[in-house]
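Here is a short tour of a protein model for you. Have a look at it first, and then we will go through some of its aromatic rings and strands together.

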Amino acid sequence: MLIQSLEQKTKLALTTVILTLAACTVICIFTVYQSSKLVSEERSQIYILDGDIPFLAERSLQEANFVMEAKAHIQLFHQYFFNLPPDNDYIKWTLGKALYMADGTAMKQKQAMEENGFYSDIISSSAVCTIKCDSIQFNEHEKKFKYFGTQLIKRRSRDLKRSIITVGEIENVPRTQNNPHGLLITNWRTLENKDLDYDSRRHQVADRQVQAPREDRQSQPMGRQAQETSVRNHHQHAHALTHHRQLAHADQHIQRD
């Protein structure tokens, strides 16, 4: 009985020690995890000192707003690249702003449009080009986008509407004054650039020219009626004058008799 009692006590003590060590290990692991989590949270916070009083400032991570910033960057780039007034200095300025936001593929497309006389035609014809963003499809994992827009070209003779679809990729770069989003468009190319419809002002001028002869034709009968009335009045006046002269001559003849 004594030996069995000692063995049970030994087993009980050993079990108690093992459970205690396991509990201490779990507590230590949990403490280390919570401490590291607290340290990482503290590192993500910024404190601003106002005199001797610290204020907590929340820092937004770029990853949380990456999709929003990427779409804003893509839309702003297309506005700089396609919103063009008939002003050579402004065209150079806005294209320069666009080239800060993309790589050499945008420069190649600009040179191709310049060789085709697109910018000189805008200036010579006093055209105004504007673009409206319809939608942007963005793949956050592959960092690829597809831009859908509608370009309106207003000229003196007509208004031309075009559909523009472009694709490209996005890369992270350091933020600068000319690139506030810290993003760069790469492998940019145009998939579609076709005419949708146009409103020709020449047709309106032609319609006015067609309506003008009709109005002239309508006014011609009234002019003829006025002429006929004038001639008729003239004849009546002449007839009355002749009759008056005849009456006067008859009176003189009576007085002589």
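Is Phe 82 buried or exposed? Phe 82 is buried, with a relative accessible area of 5%; buried means under 20%, exposed over 50% and partly exposed in between, using a 1.4 Å probe and protein chains only. Keep in mind that this is a predicted model, where local features need pLDDT of at least 70, side-chain atom pairs count only at pLDDT 80 or more, and totals for chains, interfaces and linings use all residues. Residues are numbered from 1 along each chain as its sequence is written, and side-chain values use heavy atoms, leaving out hydrogens and water.

**Aromatic pairs**
- A search of the whole structure finds nine aromatic pairs (ring centres of Phe, Tyr or Trp, the last by its six-membered ring, within 6.5 Å; planes under 30 degrees apart are stacked, over 60 edge-to-face, the rest tilted).
- One of them is Phe 82 with Trp 188, edge-to-face at 6.4 Å centre to centre and 65° between the planes.
- This pair links distant parts of the chain, with Phe 82 in helix 2 and Trp 188 in strand 6, 106 residues apart (helices are DSSP runs of H or I, at least four residues, and strands runs of E, at least two, numbered from the N terminus).
- Trp 188 is buried too, at 3% relative accessible area.
- Tyr 90 and Trp 93 form a tilted pair, 5.5 Å centre to centre with 40° between the planes.

**Strands**
- Strands 4 and 5 run antiparallel, joined by 11 bridges (strands pair if DSSP finds at least two bridges between them).
- A hairpin of three residues connects strand 4 to strand 5.
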